[in-house]
Amino acid sequence: MANVTEVNASNFDEILTEDLPVLVDFWAPWCGPCRTLSPIVEELGDDFAGRMKVAKCNVDDNQDLAMKYGVMSIPTLVLLKGGEEIHRVVGAMPKARLAAEIEPKL
């Protein structure tokens with residue numbers, strides 16, 4: 001599985017300094033679509049290893065981060081590069097479609 005970093009308010013700023021783009025999966029354990037999407041996100045982390053990092057942010061535990069990034073529904077995936085949002089995907093989708101959304105932005 002991909003090296004997925006669990007992020008929270010205390011370590012979130014560290015991922016903003018990454019050289020590679022970082023895909024942040026805003027999710028919650030009670031969210032069915034989030035649970036469906038989670039293994040797909042981890043697989044994409046493997047598929048795009050060396051081109052992208054993956055982080056997960058539990059919105060129940062990190063409501064301030066969810067608000068900061070305007071997360072209105074989950075799952076929401078935010079692709080950040082140099083601390084700036086470069087792409088956003090909301091909702092669960094098949095792996096091929098998600099990869100097609102992300103790859104051109106890397």
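## Asp 25 and its surroundings

The side chains of Asp 25 and Lys 56 are joined by a polar contact of 3.0 Å. Asp 25 sits in strand β2, and with a relative accessible area of 1% this residue is buried. The model you are looking at is a predicted one, so a word on confidence follows further down.

Leaving aside residues up to four places away in sequence, Asp 25 touches Ser 38, Val 41, Ala 55, Lys 56, Cys 57, Pro 75, Thr 76 and Leu 77.

## The cysteines

How many disulfides does a search of the whole structure find? There is one. It joins Cys 31 to Cys 34, with an S to S distance of 2.5 Å. The torsion about this S-S bond is about 75 degrees, so the disulfide is right-handed. Both partners are hidden from the surface: Cys 31 is buried at a relative accessible area of 4%, and Cys 34 is buried at 1%.

Cys 57 takes part in no disulfide, and the nearest cysteine sulfur, which belongs to Cys 34, is 11 Å away. Cys 57 is buried too, at 0% relative accessibility.

## Helix α4 and what covers it

Helix α4 spans residues 95-102, and its buried residues are Leu 98, Ala 99 and Ile 102. Why do they lie on the same side of α4? They cover an arc of only 100 degrees around the axis, and that places them on the same side of the helix. The general rule behind this is that an α-helix has 3.6 residues a turn, so residues three or four places apart point the same way.

On the face of α4 turned away from the buried side are the exposed residues Ala 96 and Ala 100. The cover over the buried residues of α4 includes strands β2 (22-27), β4 (76-81) and β5 (84-90), together with helix α2 (32-47).

## Two buried loop residues

Met 93 is found in the loop between β5 and α4. Is Met 93 buried or exposed? With a relative accessible area of 8%, Met 93 is buried. Not counting residues up to four places away in sequence, Met 93 touches Leu 37, Ile 40, Leu 98 and Glu 101; among these, Leu 98 is one of the buried residues of α4. Asp 61 is 32 residues from Met 93 in sequence, and their C-alpha atoms are 24 Å apart in space.

Asn 11 belongs to another loop, the one between β1 (4-6) and α1 (12-16). Asn 11 is buried, at a relative accessible area of 19%. A polar atom of the Asn 11 side chain lies 3.1 Å from the backbone oxygen of Glu 6.

## Confidence in the model

The protein chain has an average pLDDT of 93, and 98% of the residues score at least 70. Where in the chain is confidence lowest, and where is it highest? The lowest is in α1, at a mean of 89, and the highest is in β2, at 97. Strand β2 is also where Asp 25 has its place.

Key: Residues are numbered from 1 along each chain as its sequence is written. This is a predicted model: local features need pLDDT of at least 70, side-chain atom pairs count only at pLDDT 80 or more; totals for chains, interfaces and linings use all residues. Side-chain values use heavy atoms; hydrogens and water are left out. Buried means under 20% relative accessible area, exposed over 50%, partly exposed in between (1.4 Å probe, protein chains only). Helices (H or I, at least four residues) and strands (E, at least two) are DSSP runs, numbered from the N terminus. The arc is that of the directions from the helix axis to the C-beta atoms. Contact means heavy atoms within 4.5 Å. A polar contact is a pair of N or O atoms within 3.5 Å; within protein, one must be able to donate a hydrogen and the other to accept it, and residues adjacent in sequence count only if both atoms are side-chain atoms. A disulfide is a pair of cysteine sulfur atoms within 2.5 Å. pLDDT is the predictor's confidence in each residue, from 0 to 100.
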